Amino acid sequence: MKVNIFEDGGFKMKRINKIVMIVILAFISIFVSPLAGVKGGEKLPIPTIEDLTKGKVKIGDLITGDNVDLVKEYLPASIYVCVKQGMVLRMGNNLPPEKLVPKFFLDITERNKGRAVIDENGTVTLADGSPWPGGLPFKEPKNGLEVMANVKFGAFQDDGYWPSYPVHYVNKAGKIYKTAKMVAWQVFTTGRERVSPLGTVPGFEKEQFRHIAGFTYPLELKGLGQLTIRPYDENKYPDKGFVYLPAFKRTIRISATTYQDNMGGQDFTWGDPRGLRDPYRHWKFKLIGKKFMLIPEPHSPIPILMPEDRSLNPEIKTDLGKTFLRIGWAITPVHIVEALPTGKHVYGKKVCYVNDPTFWPSDMPIAAVDIYDRKLKLWKAYWDLRGLLVQVEREPFPCSYGAIMRNLQTGHTTQHFWRTEPNYGTQPEELNLQRLLELGR
């Protein structure tokens, strides 16, 4: 099913007069402009929830199971179910595009415009076969593969560090019955934009990134982690890496099925972080359409985490016990991409809601995901926690606070909270099997 590129709950294109057509075209030209931003107090170049609902819902209103049908068409399917199960959404504000990513990223994107060459499996290079040099490969993606290539190759940071952060296991009664802690590092070895060496790290030309994530607490999980070395052309070469199992004091090589294992009893699998982390060669992408949708707002007026220990800010209200954080959701242009596994998989389908390049976020471009089981029944809801301001180029830009995964069938929820530290300076050679094993000591 195709979605109208500017679906607003109602207008028809039949027998429209010339004046109205001119107005619509003017509106579209504003929408697609990559820098159609605003300065203090001016109206954003996209409609608000008040515009789309013709005043029935306003910024600041709370959406509950009683009135959620007023905004149903602007919600991911799984989030609608969450609201029916007790989640409360606060209608929040967006930010102008120039407040979402640093200017250098926009400049690099513009400088490399039209240079991207993509193969049938989603690997992006330049015409001479050299690695993509940075920025978004496709400012106006035409299909699902190009949308997801932006996700894969459109990172604004060269590396990231996520210090030991809390993970909450929440039962169907809304009680946090277990807390764990994890730590993560990621280094992009190609497409580097700010941290020396720029471009490609010498000796790592055939890699795209290295990543380590592992548990630091509690004792029974300490050391459980995964090292991933993603080849630049993942379709020719499988991932290199290991999962360390502290209970057995042994490692196993990463395979296609490892990504389908849950992370220490969580609702997340190893392939779920950032919406879809396992290799693209295991998926086939289809662009369903582009639409204005409600997704987590980019900047939270109340810090979600305490700066001292990265614990949940007690000022953040929760619903259904501790299950749902009451955060802001803002109308944003997104691409809706259906991802179907190409082989046997624990999931039957994912539907990813990806920020349009005009409103590309500093990180976590996949804002939400509807996840289906093998019988194509809605199974899980994934959404980002956005709103953390970090200093990049001496200016504050929003990064993620974490991500939530809810099992809609069992009522169990996993909450990841973190503080992103972009361009921390980690070198790729530091992310190795020895670092993975050190997590268990």
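Tutor: Contact means that heavy atoms lie within 4.5 Å. Among contacts in the chain between residues at least 6 apart in sequence, 63% join residues at least 24 apart. Please note that this is a predicted model, in which local features need pLDDT of at least 70 and side-chain atom pairs count only at pLDDT 80 or more, while totals for chains, interfaces and linings use all residues. Residues are numbered from 1 along each chain as its sequence is written, and side-chain values use heavy atoms, with hydrogens and water left out.

Student: How many helices and strands does the chain have?

Tutor: The chain has six helices and 20 strands. Both are DSSP runs numbered from the N terminus: helices are H or I with at least four residues, and strands are E with at least two.

Student: What share of the residues is buried?

Tutor: Buried residues make up 57% of the 441 residues in the chain. Buried means under 20% relative accessible area, exposed means over 50%, and partly exposed lies in between, with a 1.4 Å probe and protein chains only.

Student: Which residues of helix α4 are buried?

Tutor: In α4, which spans residues 103-111, the buried ones are Phe104, Phe105, Ile108 and Thr109. Seen down the axis of α4, these buried residues fall within an arc of 140 degrees, so they line one face of the helix. The arc is that of the directions from the helix axis to the C-beta atoms.

Student: And what is on the other side of α4?

Tutor: Lys103 and Arg111 are exposed there. As for the buried residues of α4, their cover includes β17 (378-392).

Student: Are tyrosine 347 and tryptophan 379 buried or exposed?

Tutor: Both tyrosine 347 and tryptophan 379 are buried. Elsewhere, Tyr161, Trp185 and Tyr424 form one aromatic cluster.

Student: Which ring does the charged end of lysine 72 sit over?

Tutor: The charged end of lysine 72 sits over the ring of tyrosine 80, 4.6 Å from its centre. Lysine 178 likewise lies over the face of tyrosine 169, at 4.4 Å from the ring centre. A charge sits over a ring if NZ of Lys or CZ of Arg is within 6 Å of the ring centre and within 35 degrees of the ring normal.

Student: Changing topic: how many disulfides are found?

Tutor: The search of the whole structure finds zero disulfides, a disulfide being a pair of cysteine sulfur atoms within 2.5 Å. Cysteine 82 counts as buried, at 0% relative accessibility. Cysteine 352 is buried as well, with a relative accessible area of 0%.

Student: Where is glutamine 157, and what does it touch?

Tutor: Glutamine 157 is in the loop between α5 (144-153) and β5 (159-170). At 6% relative accessibility, glutamine 157 counts as buried. Not counting residues up to four places away in sequence, glutamine 157 touches Phe188, Ser362, Asp363, Pro422 and Asn423.

Student: Which peptide bonds are cis?

Tutor: One of them runs from serine 196 to proline 197, with omega near -5 degrees. Proline 197 is in the loop between β6 (176-188) and β7 (207-217). The bond from tyrosine 217 to proline 218 is also cis, with omega near 0 degrees, and proline 218 is in the loop between β7 and β8 (225-231).

Definitions and conventions:
Rings of Phe, Tyr and Trp (its six-membered ring) pair if their centres lie within 6.5 Å; planes under 30 degrees apart count as stacked, over 60 as edge-to-face and the rest as tilted.
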